Amino acid sequence: MDLIQPYIGQLTFGGLAGFAVGYAIKTVGRWVAIILGLIFVVVQVLASMGYINVDWTRIQRDVEPLLQQEQIKSAWDGLVQVLTTNLPFGGAFVAGLLLGLRRG
């Protein structure tokens, strides 16, 4: 118990902050997905009616580099480094984040 005592504040705050962020991400994520889906439908309807012309090949060419394995790995490595800088807080934050994502 003496080993954990100095970290109780960090663990508590990290867990609560992680839960709040996870809950918010899931809630906001739902709305973002709905909005993006509706935008896609509107664009498709306008394109089918001849009001606009969408160059999907250009969009794919512009977005594809963002989804490359190196980009994703680099972002993941940066996230892991940030979360492990202050390990007791980071560990509790990740646990709270996962719980918040699950409950959200």
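## A walk along the helices

Start by selecting G50: this glycine comes after helix α1 and has a positive phi, near 85°. Helices here are DSSP runs of H or I with at least four residues, strands are runs of E with at least two, and both are numbered from the N terminus.

Before moving on, know that this is a predicted model, where local features need pLDDT of at least 70, side-chain atom pairs count only at pLDDT 80 or more, and totals for chains, interfaces and linings use all residues. Residues are numbered from 1 along each chain as its sequence is written, and side-chain values use heavy atoms, with hydrogens and water left out.

Now zoom out to the whole chain. You'll find four helices and zero strands, in the order α-α-α-α.

Next, select residues 8–48, which make up helix α1. The expected span of a helix is 1.5 Å times one less than its number of residues.

Which residues of α1 are buried? Pick G14, G15, A17, G18 and G22. Buried means under 20% relative accessible area, exposed means over 50%, and partly exposed is in between (1.4 Å probe, protein chains only). Across the 104 residues of the protein chain, 12% are buried.

Time for some rings. Rings of Phe, Tyr and Trp (its six-membered ring) pair if their centres lie within 6.5 Å; planes under 30 degrees apart are stacked, over 60 edge-to-face, and the rest tilted. That rule gives two aromatic pairs. Show F19 and Y23: their ring centres are 6.2 Å apart and their planes meet at 25°, so this pair is stacked. Both sit in α1, four residues apart, or about one turn of the helix. F19 is partly exposed at 30% relative accessibility, and Y23 is partly exposed too, at 42%.

For the other pair, show F40 and W56, which are tilted, with 5.8 Å from centre to centre and 55° between the planes. F40 belongs to α1 and W56 to helix α2 (residues 56–63), so this pair ties together parts 16 residues apart in sequence. F40 is partly exposed, with a relative accessible area of 45%; W56 is also partly exposed, at 39%.

Of the contacts with a separation of 6 or more, 75% are between residues 24 or more positions apart.

Note on methods. Contact = heavy atoms within 4.5 Å.
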